[in-house]
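This briefing goes through one protein chain by topic. The sequence and structure come first, and the notes follow.

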Amino acid sequence: MLPESPGSAGDRPGASSRHSETQPAPLLFCRKLCYAIGGAPYQLTGNALGFFLQIFLLDVVQLEPFHSSLILFLGRAWDAVTDPAVGFLVSKSPRRKLGKLIPWIVCSTPFGVVFYCMVWSTPSDAMPVSLKFLWYLAMYCFFQTSMSCYHVPYSSLTMFLGGNPRDRDSATAYRMGVEVFSTLVGSGIQGQIVGGYHASMMKSCSMPNGTLYNSTSPGLTDTLENTRRAYVIASMVLGSLYCMACLILFLGVKEQPGPLSPLGKTQLPFFHSLRIILGHQPYVQLLCGFLFMSLAFQVVASLSIPFWQWFLVHFGKKPAVFVGLPLIIPALIVITLVSHNFLVFVFMVVLAGCSLAVLYLLPWSMLPDAVDDFRLKNPNCLNLEAFFYSFYVFFNKFAGGLSLGISTMSLHFAGYRASDCTHNPSVILTLRILMAPVPITLLLIAMAIFCFYPIDEERRKQMRVEMEAAGHWVKNENPG
């Protein structure tokens with residue numbers, strides 16, 4: 001039951017007043033930008049971990065590939081518990097002076113920064129391998145939990161920025177642009193800081209025995225220690241950017257309740273809420289399509305977000321899926337076949353990257369439509385936005401962890417060894433298979449799922465009319 005508000009129960013404005021009430025104020029550019037910057041920590045830290053954590057565990061910490069793959073996979077799989085749990089806890093939390101979602105973002109930031117730095121710290125070499133494994137697994141899981149407490153309420157904030165659905169899509173495009181840029185910044189900063197030290201370590205490949213290094217050799221021990229120190233410095237730099245982005249979000253964005261979104265506490269229990277949202281067909285189809293798209297290709301999308309935003313405005317979201325995704329398939333095939341030709345390789349990587357912007361923009365732009373459709377069909381199930389977004393965040397992270405785990409385990413069974421300067425043909429073949437046939441298959445499955453996605457541009461226009469009417473009804477009729 002919604003709380004009584006001033007002007008309800010008998011206070012009925014005229015037609016012109018009703019129209020003004022249902023037309024929200026436009027979303028300002030500065031608010032869009034501050035909201036977009038708030039998404040930077042997720043990509044800054046996530047892509048640094050994605051690009052470098054496997055190398056760090058194998059070559060710097062010197063864990064076995066099997067232990068490394070377990071850490072990567074279990075750390076992401078831990079989100080199977082944390083993301084939905086955090087989403088439900090956010091839904092159950094009351095609205096406070098600073099809002100309902102912002103306090104979660106601000107309070108989780110210090111923990112996220114500390115645990116992120118701890119992931120890149122190195123215990124003593126005298127520590128047993130089993131304890132090293134447990135240390136990195138624990139730190140990685142603690143960081144993932146902290147990031148869930150940040151990213152789930154942050155992504156849910158899309159529904160409460162104010163403005164109309166087009167403003168919301170525009171803010172999502174700004175956010176995706178900043179996140180793609182943060183991908184480059186995070187991996188670039190990390191690479192610049194630690195890359196030189198890795199190069200010094202790899203010089204030992206010119207040794208007659210062809211092995212990488214021996215951690216007990218004089219001089220090489222100092223290089224290894226310098227590399228470990230460089231990883232800690234890089235984590236502190238990215239942690240500082242993490243804090244700065246959170247501060248900008250806090251100062252520039254205020255939560256705005258919308259139609260059927262009073263930002264209150266949900267009254268439904270966990271499993272009942274879970275059953276309701278997973279029973280909503282458009283949301284389930286979107287989840288499945290998003291999972292296969294994310295699993296197919298977890299790489300940088302390039303800076304083509306503005307083009308796809310223009311395409312969405314003029315042609316719609318569903319058509320963009322069938323324009324963008326097919327462009328990836330020939331690019332992946334050519335990348336696999338002509339990897340020896342540098343110029344062709346670079347061109348096809350750029351082409352694939354432009355298409356992969358679809359993976360960044362479309363799923364997050366389509367999710368608010370599925371949530372709106374749910375709220376219109378279930379007006380008595382309020383305040384579940386964070387729960388919807390938590391499963392979306394989980395599937396994104398889980399797909400990334402699963403892809404890393406599959407690739408690492410595949411290399412392990414193919415005979416990959418960190419100490420080899422050159423790799424055997426089975427390792428090269430495994431990399432080629434993971435680069436094209438597997439992503440292409442998953443992308444085709446995702447496209448097949450989106451063929452049956454029910455929310456098209458016609459339904460979006462209908463929902464906009466219904467949301468305006470529902471917003472006026474909620475404010476002035478105050479149903480029980």
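**Surface, fold and aromatic packing**

The chain exposes about 21000 Å², of which carbon and sulfur atoms supply 69%; accessible areas come from the Shrake-Rupley method with a 1.4 Å probe, and for residues only the protein chains shown count as cover. The model is predicted: local features need pLDDT of at least 70 and side-chain atom pairs count only at pLDDT 80 or more, while totals for chains, interfaces and linings use all residues. Residues are numbered from 1 along each chain as its sequence is written, and side-chain values use heavy atoms, with hydrogens and water left out.

**Overall make-up**

- The chain has 18 helices and 0 strands, taken as DSSP runs numbered from the N terminus (helices H or I, at least four residues; strands E, at least two).
- Of the 480 residues, 51% count as buried (buried is under 20% relative accessible area, exposed over 50%, partly exposed in between, with a 1.4 Å probe and protein chains only).
- Among contacts with a separation of 6 or more, 85% join residues 24 or more positions apart; a contact means heavy atoms within 4.5 Å.

**Nonpolar core**

- The largest nonpolar core holds 99 residues, and Leu53 and Phe56 have the most contacts inside it. Such a core is a set of buried Ala, Val, Leu, Ile, Met, Phe, Trp, Tyr and Cys residues joined through side-chain atoms within 4.5 Å.
- Helix H7 (residues 129-156) gives the largest share of this core, 12 residues.
- Beyond its neighbours within four places in sequence, Leu53 is in contact with Ala48, Leu72, Val119, Trp120 and Tyr140.

**Aromatic rings**

- There are 15 aromatic pairs, counted when rings of Phe, Tyr and Trp (its six-membered ring) have centres within 6.5 Å; planes under 30 degrees apart are stacked, over 60 edge-to-face and the rest tilted.
- Tyr116 and Trp120 form an edge-to-face pair, because their ring centres are 6.2 Å apart and their planes stand at 75°.
- Tyr116 is buried at a relative accessible area of 0%, and Trp120 is also buried at 0%.
- Ring pairs join Phe56, Tyr116, Trp120, Tyr136, Phe143 and Tyr231 into a cluster.
- Lys254 lies over the face of Phe250, 5.6 Å from the ring centre; the rule asks for NZ of Lys or CZ of Arg within 6 Å of the ring centre and within 35 degrees of the ring normal.

**Asp372 in helix H14**

- Asp372 belongs to helix H14 (residues 342-377) and counts as buried, with 5% relative accessibility.
- Its side chain makes a polar contact of 2.7 Å with the side chain of Arg375. A polar contact is a pair of N or O atoms within 3.5 Å; within protein, one must be able to donate a hydrogen and the other to accept it, and residues adjacent in sequence count only if both atoms are side-chain atoms.
- Leaving out residues up to four places away in sequence, Asp372 touches Met159, Arg168, Met463 and Met467.

**Two loop positions**

- Gln62 sits in the loop between helix H3 (40-60) and helix H4 (65-77) and is partly exposed at 34% relative accessibility.
- Most residues other than glycine have a negative phi. Phi of Gln62 is positive, near 65°.
- Gly415 is in the loop between helix H15 (385-414) and helix H16 (425-435), partly exposed at 30% relative accessibility.
- Gly415 touches Asn424 and Val427, residues up to four places away in sequence not being counted.
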